[in-house]
Amino acid sequence: MCNIVFLFYNLGRLVKNCVSVHPRLNGEVREMRYRQLVEESVVVIQSYYRGWRVRKYYRIEQAALVIQKYFRGWRVRMETRVMFTEWAGPKVADFMWRALCYRFLVNVHHNLPSDSPVDKRWPRFSFLFEEASDLLRVIHHKWRCKQLRDYFIQNPRERKKMSEKARASSLFRGKKSLYPKTVPIPFKVDRLNFRTDDRWARLVTQTHEQRVIWADNIMKINRKDMKGVPAMLVVTGTSFMVLDPKTMTLKYRVELQYLRQVSLSTYSDRILVLHIDPYKATDRSLH
């Protein structure tokens, strides 16, 4: 009987409209449904009540923690108010000084001059960092000089070029108006590219001059009529020669030991005067 009741209880919704049930059995099924509904209702009410009670005590606990936190903070501030006024000032001052130092170093980093040692530019800063700025300027200049020295040590050809430029600067800087315009122009030994010419090879066999220091086209001015004549000037290790630009024949050859002086004007002209000692320059050196 119980099994039948249980079967109809589980399948009551499916068979209540299509199967006729005994009145007694139908009453037991309804009673069991009512009991189950009461049990479910009790569980729901208990769950809501327990949740409400937990939330209530949790809120009270959180409120108590917040009140305790504020009270403890107020008590500590009241106890350390005198001490705070004593050490807060130095702390704030130290923080401000560190911030100013950081800003100073950042400005130095973003406004450094170029890597050239001759660049004398340096940013200006507050009088508070005047001593530090001067010290950093000296250190940065020494670092640039060291970088340049290391570069010349690794590149001997560049070192030779720089020594030639330094020699030219000591001779012409402040004395020749045209000199600043010629500084960026790279020095070139053979500006005529005549050493590949067969006529120059024949001339070398005659004069035995193989090392060429400088060669370029010039305008030779005659002393008698002051007229300019195109010519080629070739400076070697032992002499300088004046050649005809068309045939490359030798017109003059003077050994450097007979060269007494070289004169230049202070203006932006390209006039060069070679002074030859007439008493030492014999016919053998002048061809």
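Which backbone nitrogen lies 3.0 Å from a polar atom of the side chain of aspartate 244?

Author: That would be the backbone nitrogen of threonine 247, bearing in mind that this is a predicted model. Aspartate 244 sits in the loop that links strand E3, residues 239-243, to strand E4, residues 250-255. Its relative accessible area is 17%, and because the cut-off for buried is under 20%, aspartate 244 counts as buried. So what else does aspartate 244 touch, once you set aside its neighbours within four places in sequence? The contacts are Met232, Thr249 and Lys251. Of these, Lys251 falls in the stretch given for strand E4 (250-255), while Met232 falls in the stretch given for strand E2 (228-236).

Stay in that loop for a moment and look at methionine 248, which also lies between E3 and E4. Here phi is positive, about 60 degrees, even though the residue is not a glycine. Methionine 248 is buried too, because its relative accessible area is 7% and the cut-off is under 20%.

Now hop over to another loop, the one between strand E1 (212-221) and strand E2 (228-236), where you'll find methionine 226. Its phi is near 60 degrees, again a positive value in a residue other than glycine. Buried or exposed, then, for methionine 226? Exposed: the relative accessible area is 60%, and the cut-off for that word is over 50%.

Terms used
Residues numbered from 1 in each chain as written. Predicted model: local features only at pLDDT ≥ 70, side-chain atom pairs only at ≥ 80, totals over all residues. Heavy atoms only, no water. Helix = DSSP H or I, 4+ residues; strand = E, 2+ residues; numbered from the N terminus. Buried < 20%, exposed > 50% of the residue type's maximum accessible area, 1.4 Å probe, protein only. Polar contact = N/O pair within 3.5 Å; in protein donor to acceptor, adjacent residues only side chain to side chain. Contact = heavy atoms within 4.5 Å.
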